Amino acid sequence: MASPILSLKRVNKSFGPVHVLKDVDFSAYAGKVTALVGDNGAGKSTLIKCIAGIYTPETGEFIFEGKPVTISGPRDATELGIEIVYQDLALCDNLDIVHNMFLGREEISGVTLNESSMESLAKKTLDGLSVRTVKSIRQKVASLSGGQRQTVAIARAVLWNSKVVILDEPTAALGVAQTEQVLKLVRQLADNGLAVIVISHNLNDVFQVADNIAAMYLGSMAAQVEKNSVNQNDVVRLITTGAQK
Amino acid sequence: MSQDLNIKQSANDWWSKVKAGQVGALPALLGLFVLCIVFGVQSSVFLTPGNLANLLTQAAAVIVIAMGLVFVLLLGEIDLSAGYAAGVCGALLVIMITEMDYPWYLAFPISVLAGVLLGAVIGYLVAQLKIPSFVVTLATFLAFQGLLLLLVGEGGTIRIEDPVILAVENKNLSVSYSWIFFLLTAGAYLLSGLLKFRKRRKAGLVDNLFKLWVIKTFILIAIGTIATWALTVERSNNPDLVSLRGIPYVVPVILVLLVGATFVLSRTSFGLHIYAVGGNAEAARRAGINVKMVRITAFMICTAFAAVAGMIFVSRANSISPTTGGSSTLLYAVGAAVIGGTSLFGGKGKVSDAILGGLVVAVIDNGMALLGYPAGIKFMVTGAVLLISATIDAVSRRGASTT
């Protein structure tokens, strides 16, 4: 396998007396979808929050594009090109798609917003992701379906030439057709050359979209394996017992 | 492809927006229209130029407070003390001019600055200490009332004789300046709109609202022409003695505030951040917006507008009294903003809507007074209109969330 764009080595994180991450190793590869699976409380969310700079681990090494880095805040992660799409999407219903995509990082000319430049760039990004379901990118997010909202949230994450995109349960609240649509989008992201990390509880989705599967068990990385080398039963065993075979 | 989009399609787009709950200023506009017809038919005085000028000067202070309140309401907060903040700033203005002999051009900015400071205190308590704005401003409502009483003295009023301050509510632009003012305003509006659409065309973006904008602009300019004409008609009972014609000075004052506030809200990133914080504060925080600073600034803007309203109150009454900005002022202002289409839930509303809503409130007040209804009925009707607008807001939100 090629060398990973992002790899974590022996990461430890505790909250008071609770040891949440125990010597966790994890890698993400450009152009690949890495699924992060594990039962509730296995430490998936803590791990991605460490990557996104929301938590700072006590010990452990971060290697990004071959160089050791320290991520001590969300801004550091953003600057490296790591974007996270939260489960609750974090979109403003009352703003349109363009404004949501640029929120907090608006394009300014003089003192005013550069609306046409933002709109063109937003359109280009959505076209690049082969999104055709959105009627107008000037419509309010309130009027979008769950799948379309997920699309906007993902498009916002890739707008900034990001290199690693982390998706937290992107299909959790979606129906069948919309899940399909979002998984296609996830695949598209990886095909565009990004490293994609997907947290999911749905093994069908994982097997459909992932190249790599990283399974966590009680705060440790049980295994990170290639999808083709395992079947669903193996993954279930990893999640529930942490045992390889 | 922008040429293919015809008028029917853009009207359809707009109608689907309305159905999706983005009714905006439509109910207020319809309400204003209906009210004007009803009062115009019932009262022979209502639609006269004299009453039109009267209406504008009556409504001015409440409208300005409402415009400032929009910033706070957009965040889903409220400022109950804006009325008395106007009183306090007005009192400071009067005291500086009459007792300290400050010129108006020094006293007025200082009184606005005082408003900004009052707003900063409120904003700090709300944003930093996270006390609900309802409670904070209830407290400052009482405190400002007391401060005003202390400044003015119990039972007393302080008269003001500064000609410039008095002119705002009592004098008019000359007829030729009225028309020049109208032409400049209309020209600037046309130009800014055309430039915006040209920029979009250049960038190769769809502009399906262009034809709708043309219609809107045409109607606005028609209304503006009629209003300017009506205001330049002689409205004095005794023209030989004193001529009374032209646009009241307070109109350009409000227009400058409107243009400034609309520019900030719709063209700058600060404005976008206000909408974002009002729509989803957590999303705004995650996007890297300084939510606290946005909140504090909104309260500062709100009380700065209140300070301007204080000046208008003073100009209209020729004096300041311990009740200036009290009684129903603030409630009328909140009512004006809500009737205009600003949502109390935050995230939705425009400054121009506050003007519309303020006119609705003023028309009810003025029209019913002309028809000889007692104050009791007036309050009840205004209350009912406010309730109707709040219902429209709540129902349209439901419509928006189910589509």
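Helix 13 of chain B covers residues 291–317, and its 27 residues reach 39 Å from first C-alpha to last, close to the 39 Å expected at 1.5 Å a residue (the expected span is 1.5 Å times one less than the number of residues). Helices here are DSSP runs of H or I with at least four residues, numbered from the N terminus.

Helix 13 of chain B is mostly covered, with 22 of its 27 residues buried; buried means that 20 or more other C-beta atoms, placed from the backbone, lie within 10 Å of a residue's own. After helix 13 of chain B comes Asn318(B), with a positive phi near 60 degrees.

## About the model

This is a predicted model, where local features need pLDDT of at least 70, side-chain atom pairs count only at pLDDT 80 or more, and totals for chains, interfaces and linings use all residues. Residues are numbered from 1 along each chain as its sequence is written, while chains are lettered from A and ligands numbered from 1 in the order in which they are written.

## Where the chains meet

Which chain A residues does chain B touch, and how many? In total, 27 residues of chain B are in contact with 20 residues of chain A, contact meaning C-beta atoms, placed from the backbone, within 7 Å. Helices 8, 11, 12 and 16 of chain B each supply at least two residues of chain B's side. Helix 11 of chain B gives the most, with 6 residues.

How values were computed. Two residues are in contact if their C-beta atoms, placed from the backbone, lie within 7 Å. A residue is buried if 20 or more other C-beta atoms lie within 10 Å of its own, exposed if 12 or fewer, and partly exposed in between; C-beta atoms are placed from the backbone.
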